[in-house]
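Open the model in your viewer and keep the selection tool at hand.

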Amino acid sequence: MTALTHVRWGIVGCGAVTEVKSGPAFSKVPDSSLVAVMRRDGAKARDYAKRHGVPRWYDDAAALIADPDVDAVYVATPPSSHREYALMAIAAGKPVYVEKPMAIDHAQCAAIIEAGRAAGVKVFVAYYRRMLPRFARIAALLADGAIGTPRLVNVLLHHPLEARYQDRANLPWTVRPELSGGGIFVDIGCHTLDILDFLLGPIVEARGMVSHQMDAYPAEDTVAMAFSFGSGVLGTGLWNFGADRREDRVEIVGNRGRLVFATFGEGPIRLEAGDHVEDIHIANPEHIQQPLIESIVAELTGKGICPSTAESGARTSWVMDQVLSA
């Protein structure tokens, strides 16, 4: 596709994730602006547009995608509608940036990839940790051999059961598999799996067990998995969303040291190598998706490359499918 000189964005689904994490960034990145937003509730779309200084709003996704002043589309709806809107944007010849997870399962991801390739339209996925400074530092430490050759990965994420998941009549979409593809493991565990793909290469084998220990909602609340990378690195992961406290820990063990860090938040990156122990503090940007959006705009304007593609996003969905199919 021909490089753009300036990317005019439209958002399909201007909900909570777009308020701070992503929406404002589209107009703060060079060569980029946010020109239209859509939400099925027109009053909420109009309110969003007014508060964020967006020129136009819609209550119909097809109308926004057809807007000749919209060059590229950001799909920020629940995963169950990602394929529909992504294919709509691709059919219109417009690059699409899809929220994570890329779709409700890997088969839907594959349909998006096939359509994008056939039409020559670029597709990106909102695994924004790939461009955050803290994970760039971790990648650099690994590349520089700070812990030697990676051997093992251990992942642990525990959350207590939140009140919003205890009202069965009004459950969030994140724990309704028909809308999300799974539970909280799918909604946020995907971030850890994707950043490991970025740091260590694709996961080529994954096996898991899931449980509904609390029976608070239809989706799984506990996941245990084992996985392996193409390099031979092996990994384990434990996710529990009915624990007594919050814990977030990823450990990459090498033959000369280890790196320990959290997927979420701004906790220190700990480097342990022999007698050397170092805590590295790196803050996240105000709009956490801005660095990735900047890389997307750079690619669309012919000035750079985005590291979060449809192909990489689909790999993470494939891994989760292997686990949940158990």
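This is a predicted model: local features need pLDDT of at least 70, side-chain atom pairs count only at pLDDT 80 or more; totals for chains, interfaces and linings use all residues.

**Stop 1: helix α9**

Select residues 310–324, which form α9. The helix has 15 residues. From first C-alpha to last it reaches 21 Å, close to the 21 Å expected at 1.5 Å a residue.

Now colour the buried positions of α9: Ala310, Ser312, Gly313, Ala314, Thr316, Ser317, Val319, Met320 and Val323. In an α-helix, residues three or four places apart point the same way, because there are 3.6 residues a turn.

What do the buried residues of α9 pack against? Show the helices α4 (106–119) and α7 (184–200).

**Stop 2: threonine 18**

Move to the loop between β1 (7–12) and β2 (32–38), where threonine 18 lies. Is threonine 18 buried or exposed? Its relative accessibility is 0%, so threonine 18 counts as buried.

Show its side chain, which reaches the backbone oxygen of glycine 15 at 2.7 Å. Beyond four places away in sequence, threonine 18 touches Ile11, Gly13, Gly23, Pro24, Tyr48, Tyr74 and Ala76.

**Stop 3: the largest pocket**

Display the largest pocket, with a volume of about 1,200 Å³. Of its 44 lining residues, Val17, Ala76, Pro78, Trp173 and Thr174 are the closest to the centre. Ala76 is also among the residues that threonine 18 touches.

Which helix gives the most to this lining? Select α7, which supplies 4 residues. Helix α3 (82–91) supplies at least two.

Finally, colour the lining by residue class: 19 nonpolar, 12 polar and 13 charged.

Conventions
Residues are numbered from 1 along each chain as its sequence is written. Side-chain values use heavy atoms; hydrogens and water are left out. The expected span of a helix is 1.5 Å times one less than its number of residues. Buried means under 20% relative accessible area, exposed over 50%, partly exposed in between (1.4 Å probe, protein chains only). Contact means heavy atoms within 4.5 Å. A polar contact is a pair of N or O atoms within 3.5 Å; within protein, one must be able to donate a hydrogen and the other to accept it, and residues adjacent in sequence count only if both atoms are side-chain atoms. On a 1 Å grid over the protein atoms alone, a cavity is a set of points where a 1.4 Å probe fits but cannot get out, and a pocket is an open set with protein on both sides within 12 Å along at least five of seven lines; lining residues have an atom within 4 Å of a point. Grid points are joined across faces, edges and corners, and a volume is the space filled by probe spheres set on the points. Ala, Val, Leu, Ile, Met, Phe, Trp, Tyr, Cys and Pro count as nonpolar, Asp, Glu, Lys and Arg as charged, and the others, Gly among them, as polar.
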